[in-house]
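Dear colleague,

Please find below the structure that I am handing over to you. My notes on its salt bridges follow it.

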Amino acid sequence: MKSHALRLPLLLAGTALAAAPVAAAGTDDAVATTAAAVTTTAAAAGPSDADLMNDANTPNDVLTYGMGPRAQRFSPLQQVTTANVARLVPAFSASLGGEKQRGQESQPIVYDGVIYVTGSYSRLFAFDAKTGDELWQYDARLPDGIMPCCDVVNRGAAIYGDKIIFGTLDAHMVALNRKTGKVIWNKTLADYSAGYSFTAAPMIVKGKVIYGNSGGEFGVVGKVEARDVNTGELVWSRPTIEGNMGTDGAGKPTTMTGKLNASWQGDQWKTGGGATWLGGTYDPETNLIYMGTGNPAPWNSHLRPGNNLYTSSTLAIDPDTGEIKWHYQTTPHDGWDFDGVNEFIPFDMNGRKLGAKADRNGYFFVLDRTNGKFVSATPFVSKTTWAKGYGKDGRPIFDPANRPGPPSAEKGTTVFSAPAFLGAKNWMPMSFSQQTGMFYIPSNEWGMDIWNEPIAYKKGAAYLGAGFTIKPLYQDHIGVLRAVDPKTGKIMWEYQNKAPLWGGVLSTAGNLVFTGTPEGFLKAFDAKTGKELWKFNTGSGVVGSPVTWEQDGEQYVAVMSGWGGAVPLWGGEVAKAVQHINQGGSLWVFKLPRS
C-alpha cells in the first residue's frame, strides 16, 4: 500500500522544493478523536517505554536511534565475527524507487518482522524483514519554498506502541500506524518559511517524543521540545538561546533560558541560532537528555560579541520539565561554524559516570555526565589551527590569528582554518564498544579558507555573514575511521579513505566495526587492530548508519545506500572530487550463508 505519492525536484541554487498538486497528507487536528481513543492501549500494541530503555540488551530488534537510549551503537551479537565476516552475503536489497534519490542518511528500525526506514524528501517505508517486500510507503506532502540547508535528508524514525514517528522537511512531526502507514497525528513544529526544518530521528522518553529543530543558517532559535507520544500535543518547549522563555504545553511561559543579555547584545538573542538539528541521547541512570546545539547566527563572530550561550554546546535537560540542568560549551563565541550538535554518548569508566563527544571542532571530549564537569579534550584529527588546546578549566586556548577578521565594506581578512566547517566529524554517529572500551569515530581531514562579510537578518534568508572554500589537507585521503581510547585520548588505529566519510558506525561483540564509504562500500574492520576484513559495493554512496539484529537464529546487518548530504552541496574542492559518485536509494541487508 502506498499513500500521498509525490515527485519533488531539488533546486540546488535555492535549496527549495516544488510540490506537485496532491491531496494533503494530514492536518494538525485531523485525528484528534482517534488519538485520544488509543492513548490507554498504545503501549500494549507494540514497544513500550521499558522496551525502548532496554533496547541495547535485546538483540532481536532495533527499537531506538543508536540501538539503545545511550546510543552507543554496540551489539552483543557475535554470530558474525572476525573469523567469518568475509563470508557475509546480501540477503536482499529493497529499492526506495521513484525519482527521489539524493542522500539516504537513515538508520533502520527493526521490530516484529518489519524494517522501517526513512528516505530523502520526507518518506517512510516499511519492508518485510525476511523477504524485503515493501509493505507500505508514506510520502509527506512538502510545500513550495522549504529550505533545508544540507540536502533533503532524514536520519530515522522512532517506534512506540502502534506508532512509527518521524519528522519532515517542512517542520512537521507525523505519527503513522506502524502496520498500515495511516496517519494517526500530524503536528506543525515551526514555520518552515522562516527557515525551520526537521531532519533528525526523534527520541521517545517516558511517553514523550523528544526532538530538536533545524535551520541555524537562517537565524532561527534552537529549541528542544517534548510532545505526548499518543496525541502529539506539546508538553514543554525549551529554547537554547539565552533570553528566550521556555513554555509549557499550553504555551504559557515557564522559565527563561539563561539570563537576558548575559552573553548576547541587544536583541541578537531573537535570531541567535543554536539549532538542535541532530537530536540527542538519554541516560536512564541520571534521567537526563543530552542534546547538542548548533552554531550561533550569524557565522560572523565580530557581529555578536560574547560567548553566545547556549550555542555550540551540550545541554543536559530534565525530560520531565524541560529545564536545563547543566551545559558545556565546546566552542565559545564560535566563528567557524563548528556547531556542537554531535552526539554525547554516556559510558562508564573506572567507576565514573562519563560521556563522550567527538566535536566538529576537532576535539574529543570526556565529561562527567552527572554535572557536565570537564575531564579531558584531545584532538582526534591531524590539524586544529583555531585553538592550541584546552586548559584545565575546560575552555579552549584560542589562536587569535586564526579567527576570520572583521568585515570591511566587502570582506574581512581570509584565514586558512582546520578543520573545515563541515567538521572533523559531522552528523555521522560514532560507536562505543563495550568489548574493547574504545570509541570508533568517522572523521575527515580538511580545512577551509574562510572570511567574514557584512550581513543583516532577513526572515527566511541565509544568515551567514561569511564566505568559505573547503580544501582537502592531503592528496591521498580525506576520510579517516579512528579508534580512540577515552582513558587517554590516544588514537589506537586508523583507516584512511579517499573520499570523506559521511556515514555512521556500528560495533559488535564479534570484535567488528562496520561503516560505509561514499565509494559505495559497506566495510567491516577488526575492532582491535583496524584491519579491513570485508567489503561490499552497494552501487551508491553509503551515508546511512548500519545496524544489526538476530532473526530466526541468524544475525543480520543492514544499511541504507544513497549518496548525498552536505558534501556535494557545500564541499567546494572536495565536492568536485566526488561529483562522479552516483545517487541511489536502497536498503541492503546481509547475513552469513547457511552451510
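**Salt bridges in the predicted model**

Arg-369 is buried, with a relative accessible area of 0%; buried means under 20% relative accessible area, exposed over 50% and partly exposed in between, computed with a 1.4 Å probe on protein chains only. The model is predicted, so to speak of local features a pLDDT of at least 70 is needed and side-chain atom pairs count only at pLDDT 80 or more, while totals for chains, interfaces and linings use all residues. Residues are numbered from 1 along each chain as its sequence is written, and side-chain values use heavy atoms, with hydrogens and water left out.

Arg-369 forms a salt bridge with Glu-285 (3.6 Å, N to O), that is, a side-chain nitrogen of Lys or Arg lies within 4 Å of a carboxyl oxygen of Asp or Glu. Glu-285 is partly exposed, at 45% relative accessible area, and also meets Arg-70 in a salt bridge of 3.2 Å, N to O. Arg-70 and Glu-285 are 215 residues apart, and Arg-70 is partly exposed at 23%. Shared partners join Arg-70, Asp-283, Glu-285, Asp-348, Lys-353 and Arg-369 into one network.

A further salt bridge pairs Lys-130 with Asp-552, with 3.5 Å between the closest N and O atoms. Lys-130 lies in the loop between strand 8 (123-128) and strand 9 (134-139); strands (E, at least two residues) are DSSP runs, numbered from the N terminus. Both Lys-130 and Asp-552 are exposed. The whole structure holds 26 salt bridges.

Yours sincerely

Terms used: Helices (H or I, at least four residues) and strands (E, at least two) are DSSP runs, numbered from the N terminus.
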